[in-house]
Amino acid sequence: MPTVRRSHRTPLIPALGRQRQAEFLNSTPAWSTDDLRPVPDNQEVFCHPVTDQSLIIELLELQAHVQGEAAARYHFEDVGRVQGARAVHVLSVQPLCLENLSLRGCCQDAWSLSGKQQVAKENQQVAKDVTLHQALLRLPQYQTDLLLTFNQPPCHSRSLGPENLSCPPWSLSNFEQLVTSLTLHDPNLFGPQ
C-alpha cells in the first residue's frame, strides 16, 4: 500500500485533531498499539480493550488513477491483499456528503464502504469473516488519501460478560461520528508542500 512521506513521527490524532472529543474513542478507552507492535509512520492503530475491534487511521499516497467509488474499492481490496485475506466482498459503497465533514475545506471527495474480508489473525491458521467499515477522504492538495478503517470481528470473538459492561463495543455510529468530526490542526503532518 503506498504510504505518504512524513518528515517526522507526528501522532495523527493530535495533528488531525477532532472538532470535539469524538465518542468513538471516549465512550470506551482505546489502546494504541504503538507499544505492542511496530506501527508504520503513516498509521495510528487503536484497539478496543475488551472486544477484538480496532480502528486504523492511515495517510496514504493519493491514488489519482482511481476516482469515485473505484477509489474506495481500490483501498478496500488493497487492505485485503496486505492482510492476506482469503476472500474480500464489498457490501456497500456510498458517497459521503462533504457538507457533513469537518475536513470539507480540504477534502475533494469522500466515500464510505462496508465489506467483509476473510482473514486469519497473526500466527493462526483459521480465517474468520471480519466486517470492515472504511471512510476514504481524498485530500488532493496534500497528495493524500486519508483512510479510516473500523474492524468488527465476529461478535463471539471475545466474551462480553458482566465484568466488561463498562466497556461497551464500539458501534458504526461511533465510527461515523469520528469520520465527520476529524479536523486538520497541523498541515506539516504531510511534510513540505
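This is a predicted model: local features need pLDDT of at least 70, side-chain atom pairs count only at pLDDT 80 or more; totals for chains, interfaces and linings use all residues.
Me: What makes up the chain, in helices and strands?
Reply: The chain has four helices and seven strands. Along the sequence they come in the pattern α-α-β-β-β-α-β-β-β-β-α. Of the 193 residues, 49% count as buried.

Me: Why is the contact between Arg 73 and Glu 69 called a salt bridge?
Reply: The closest N and O atoms of Arg 73 and Glu 69 are 3.0 Å apart. A salt bridge needs a side-chain nitrogen of Lys or Arg within 4 Å of a carboxyl oxygen of Asp or Glu, so the contact qualifies. Both residues lie in helix α3 (residues 69-82), four residues apart, which is about one turn of the helix.

Me: Why is Arg 73 called neither buried nor exposed?
Reply: Arg 73 has a relative accessibility of 31%. Buried means under 20% and exposed means over 50%, so Arg 73 counts as partly exposed. Glu 69, at 34%, is partly exposed by this rule too.

Me: How do you know that Arg 81 and Asp 78 form a salt bridge?
Reply: Their side chains meet at 2.6 Å, N to O. The cut-off is 4 Å, so the pair counts as a salt bridge. Arg 81 and Asp 78 are three residues apart in helix α3, and therefore about one helical turn separates them.

Me: How many salt bridges does the structure hold?
Reply: There are three salt bridges. One of them joins Arg 138 and Asp 145, with N and O 2.8 Å apart. Arg 138 is buried, and Asp 145 is buried as well.

Me: What makes β6 largely enclosed by the rest of the structure?
Reply: Strand β6 has 13 residues, and 10 of them are buried, so the rest of the structure largely encloses β6.

Me: How do you know that β5 and β6 are paired strands?
Reply: Pairing needs at least two bridges, and 12 join β5 to β6, so they count as paired. The two strands run antiparallel. One of the bridge partners is Ala 135 in β6, which faces Ser 112 in this pairing. β5 and β6 form a hairpin with six residues between them, and Asn 123 in the turn has a positive phi of about 65°.

Me: How many aromatic pairs are counted?
Reply: The count comes to two aromatic pairs. In one of them, the rings of Phe 150 and Trp 170 have centres 6.5 Å apart and planes at 55°. Planes under 30 degrees apart would be stacked and over 60 edge-to-face, so this pair is tilted. Phe 150 lies in strand β7 and Trp 170 in the loop between β7 and α4, so the pair ties together parts 20 residues apart in sequence. Phe 150 and Trp 170 are both buried. Ring pairs link Phe 150, Trp 170 and Phe 175 into a cluster.

Me: What lines the second largest pocket?
Reply: The lining has 17 residues, and those nearest the centre are Leu 96, Ser 112, Leu 172, Phe 175 and Glu 176. The elements that give two or more residues are β4 (87-95), β5 (109-120), β6 (127-139) and α4 (172-181). The largest share, five residues, comes from α4. By class, the lining has eight nonpolar, eight polar and one charged residues. The volume of this pocket is about 280 Å³.

Me: Why is Ala 87 called partly exposed?
Reply: Ala 87 has 36% relative accessibility, which lies between the limits of 20% and 50%, so Ala 87 is partly exposed. Ala 87 lies in strand β4. Its C-alpha atom is 9.6 Å from that of Ala 127, 40 residues apart along the chain.

Note on methods:
Residues are numbered from 1 along each chain as its sequence is written. Side-chain values use heavy atoms; hydrogens and water are left out. On a 1 Å grid over the protein atoms alone, a cavity is a set of points where a 1.4 Å probe fits but cannot get out, and a pocket is an open set with protein on both sides within 12 Å along at least five of seven lines; lining residues have an atom within 4 Å of a point. Grid points are joined across faces, edges and corners, and a volume is the space filled by probe spheres set on the points. Ala, Val, Leu, Ile, Met, Phe, Trp, Tyr, Cys and Pro count as nonpolar, Asp, Glu, Lys and Arg as charged, and the others, Gly among them, as polar. Buried means under 20% relative accessible area, exposed over 50%, partly exposed in between (1.4 Å probe, protein chains only). Rings of Phe, Tyr and Trp (its six-membered ring) pair if their centres lie within 6.5 Å; planes under 30 degrees apart count as stacked, over 60 as edge-to-face and the rest as tilted.
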